[in-house]
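Welcome! Have a look at the picture first, and then read on.

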Amino acid sequence: MSVSTNPKEVAPTEDGARLRITWEDGHVSEYEPRDLRLACPCAACIDEFTGRPRLDPRTVPEDVYPTAIQYVGRYALRFQWSDGHSTGIYPFEMFRRICPCGECGE
């Protein structure tokens with residue numbers, strides 16, 4: 001079975017605490033908001049030349065959450081975070097790569 005990077009559905013979990021992506025291949029991934037905020041791939045959070053993190057995790061509140069989620073074309077999501085950050089574009093292939101299930105990640 002091949003791993004899909006095409007989402008079938010993107011929605012909050014029933015309790016609203018996490019983001020759930022159901023993939024076209026049937027796999028379901030759930031992401032903690034703070035983990036996603038810390039994984040932001042934008043130039044303010046990741047050095048463009050070295051790939052090293054620039055974001056200090058100590059500056060991100062434990063209770064950070066998305067206040068808005070937007071689709072970017074058919075390939076990514078962008079979050080407006082409760083800490084004011086909003087420049088990261090999260091490609092769906094990245095979501096699948098960082099899936100916390102332990103089976104489809106890096």
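## A first look

T22 lies in strand β2 (residues 19-23); helices (H or I, at least four residues) and strands (E, at least two) are DSSP runs, numbered from the N terminus. The model is predicted, so to speak of local features a pLDDT of at least 70 is needed, side-chain atom pairs count only at pLDDT 80 or more, and totals for chains, interfaces and linings use all residues. Residues are numbered from 1 along each chain as its sequence is written, and side-chain values use heavy atoms, with hydrogens and water left out.

**T22 and its surroundings**

- T22 counts as buried because its relative accessibility is 14%; buried means under 20% relative accessible area, exposed over 50%, and partly exposed in between (1.4 Å probe, protein chains only).
- Setting aside residues up to four places away in sequence, T22 touches P7, K8, E9, H27 and V28, where contact means heavy atoms within 4.5 Å.

**The chain as a whole**

- The protein chain holds two helices and six strands.
- Along the sequence, these elements follow the pattern β-β-β-α-β-β-β-α.
- Along the principal axes, the C-alpha atoms of the protein chain fill a box of roughly 40 × 35 × 25 Å.
- Of the 106 residues in the protein chain, 33% are buried.
- Take the contacts in the protein chain between residues at least 6 apart in sequence: 33% of them join residues at least 24 apart.
- The protein chain has an accessible surface of about 6,700 Å², and carbon and sulfur atoms account for 48% of that surface; accessible areas come from the Shrake-Rupley method with a 1.4 Å probe, and for residues only the protein chains shown count as cover.

**The open sheet**

- Three strands form an open sheet in the order β4-β5-β6, with antiparallel pairing; two strands pair if DSSP finds at least two bridges between them.
- β4 (66-72) and β6 (89-91) are at the edges with a single partner strand each, so one side of each has no neighbour in the sheet.
- From one strand to the next, the twist averages 30°; axes are lines fitted to C-alpha atoms, for helices over the stretch in contact, and angles run from 0 to 180 degrees between N-to-C directions.
- Six bridges pair β4 with β5 in the antiparallel sense, and Y71 stands opposite L77 in β5.
- The hairpin of β4 and β5 has three residues between the strands, and G73 there takes a positive phi near 55°.
- Strand β5 (residues 76-81) is joined to β6 by three bridges, and the two run antiparallel.
- Opposite L77 stands Y90 in β6, while R78 stands opposite I89 in β6.

**Aromatic rings**

- How many aromatic pairs does a search of the whole structure find? There are eight aromatic pairs; rings of Phe, Tyr and Trp (its six-membered ring) pair if their centres lie within 6.5 Å, and planes under 30 degrees apart count as stacked, over 60 as edge-to-face and the rest as tilted.
- One of the pairs is Y31 with F95: the ring centres are 5.3 Å apart and the planes stand at 70°, so this pair is edge-to-face.
- Y31 in strand β3 (residues 28-31) and F95 in helix α2 (residues 92-97) are 64 residues apart, so the pair links distant parts of the chain.
- Both Y31 and F95 are buried.
- A cluster of W23, Y31, Y71, F79, W81, Y90, F92 and F95 is linked by ring pairs.

**A43 in its loop**

- A43 has its place in the loop between α1 (33-38) and β4.
- Its relative accessibility is 32%, so A43 counts as partly exposed.
- Apart from neighbours within four places in sequence, A43 is in contact with E48 and R54.
- A43 and T87 are 44 residues apart in sequence, and 8.5 Å separates them in space, C-alpha to C-alpha.
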